[in-house]
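Here is a short note to read beside the model. Keep the viewer open as you go.

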There are 2 protein chains.
Amino acid sequence: MSKAEYRIPKSPAGLKTFNKIVNTGKKLFAKNGFQATSINDIIAKSKIAAGTFYIHFDSKLALYLYILDLYKVSIRKASALATKGLTTRYDIERAGIKAFIMYAKKDSLAYRIIWESMFVDFDIFRHYYESFAEAYIKHLSDYVENKDLRSDINLETLAYVLMGISNFVGLQIIFKSDITDEQIDDIIDQAMMILDKGIFNIRH
Amino acid sequence: MSKAEYRIPKSPAGLKTFNKIVNTGKKLFAKNGFQATSINDIIAKSKIAAGTFYIHFDSKLALYLYILDLYKVSIRKASALATKGLTTRYDIERAGIKAFIMYAKKDSLAYRIIWESMFVDFDIFRHYYESFAEAYIKHLSDYVENKDLRSDINLETLAYVLMGISNFVGLQIIFKSDITDEQIDDIIDQAMMILDKGIFNIRH
């Protein structure tokens with residue numbers, strides 16, 4: 001994990017080049033995967049001089065980690081924005097799940113870039129979800145305290161259950177190419193009903 | 001999707017070679033991904049003559065699809081075996097989730113091979129989960145009829161919610177390298193409690 005530094009340039013021209021490399025990396029990693037993408041592919045597709053890549057990134061791994069981090073930050077931002085001002089955990093959870101799904105629907109590379117981390121280095125993949133779960137647990141625990149959430153649920157398991165629901169209901173939705181906003185809302189309402197009322201007629 | 005046929009040989013020697021190719025493919029696809037693995041890599045690692053590959057498989061895609069199908073069939077078999085004789089949907093769901101997780105824990109290549117399909121061809125990835133969901137829905141609908149499951153839940157959404165829980169609670173478990181069988185059971189019980197009682201103190 002050493003030699004994986006990046007340097008964001010300060011000049012507008014430098015920044016333009018930096019972003020060009022990032023966007024090319026996103027596309028190539030998402031299309032062909034990390035292993036099958038070479039720095040030379042990225043350089044050629046970005047139409048930059050060979051040395052320019054290394055001014056900004058130490059290595060292909062540095063570029064990949066920068067892109068993965070961009071996703072992590074912007075997914076969290078989308079969720080924070082969508083849940084702003086909401087007070088009940090029900091409303092926050094619904095808005096958070098919807099924000100993630102709309103993000104993944106809009107940026108079709110998101111799933112690929114994130115799940116590709118499994119092939120880059122399993123520890124990166126593990127760390128991505130463990131740190132996501134950690135932040136989730138912190139948020140959830142506030143709502144156990146204020147009694148919105150049941151107090152007898154293990155919050156780590158709840159965090160993974162909720163991430164699983166966001167990711168897979170997200171797949172259900174992106175698999176439907178001509179889905180309407182209303183249909184998306186209906187599906188998310190169904191997922192919330194499962195979280196609200198459980199799935200069985202008789203409680204066990 | 002044409003030119004993606006495979007031929008299973010009848011002789012024990014042929015079968016041995018066939019399986020050698022399959023196992024090499026599994027390892028290389030899981031390690032480097034589909035795009036970065038060439039037929040030549042597979043031939044060299046399998047220690048077979050170049051022509052031998054094509055006796056059994058039309059192409060690299062044919063080998064990948066054969067391996068993906070192996071996973072699909074054996075995950076379903078593991079689930080069918082684990083749920084045999086169980087009668088309530090609660091017990092079946094718990095055993096099914098556990099069977100999937102234990103399968104993924106034992107065969108660490110499973111997640112990689114399945115999620116790699118996204119890079120091979122998005123339609124293959126989509127079809128993998130859509131056909132899984134379809135089979136799930138069929139099973140679930142029997143338990144709506146016998147009133148184990150609530151009748152007001154959309155079963156497609158429920159299928160994706162349950163697949164999401166299996167996959168992500170599965171990640172939670174395989175991320176812990178030294179987890180005991182008892183701890184695994186506790187985590188699955190927690191996930192089942194969420195499905196049973198919901199997550200909120202007050203129903204909405």
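This is a predicted model: local features need pLDDT of at least 70, side-chain atom pairs count only at pLDDT 80 or more; totals for chains, interfaces and linings use all residues.

1. Residues are numbered from 1 along each chain as its sequence is written, and chains are lettered from A, with ligands numbered from 1, in the order written.

2. Chain B superposes on chain A by a rotation of 180°, with 0.0 Å of shift along the axis and an RMSD of 0.0 Å.

3. The contact takes 48 residues from chain B and 48 residues from chain A. Two residues are in contact if their C-beta atoms, placed from the backbone, lie within 7 Å. On the side of chain B that touches chain A, α8(B) gives the largest share, 13 residues.

4. The largest nonpolar core has 108 residues. Such a core joins buried Ala, Val, Leu, Ile, Met, Phe, Trp, Tyr and Cys residues through C-beta atoms within 7 Å. Buried means 20 or more other C-beta atoms within 10 Å of the residue's own. B:A191 is among the members that touch the most others.

5. Helix α7 of chain A covers residues 122-145. Helices are DSSP runs (H or I, at least four residues), numbered from the N terminus. Buried residues of α7(A) include A:F125, A:Y129 and A:A133. Just after α7(A), A:K147 takes a positive phi of about 75°.

Conventions: Helices (H or I, at least four residues) and strands (E, at least two) are DSSP runs, numbered from the N terminus. The expected span of a helix is 1.5 Å times one less than its number of residues. A residue is buried if 20 or more other C-beta atoms lie within 10 Å of its own, exposed if 12 or fewer, and partly exposed in between; C-beta atoms are placed from the backbone. Copies are superposed by least squares on the C-alpha atoms of residues with pLDDT of at least 70 in both.
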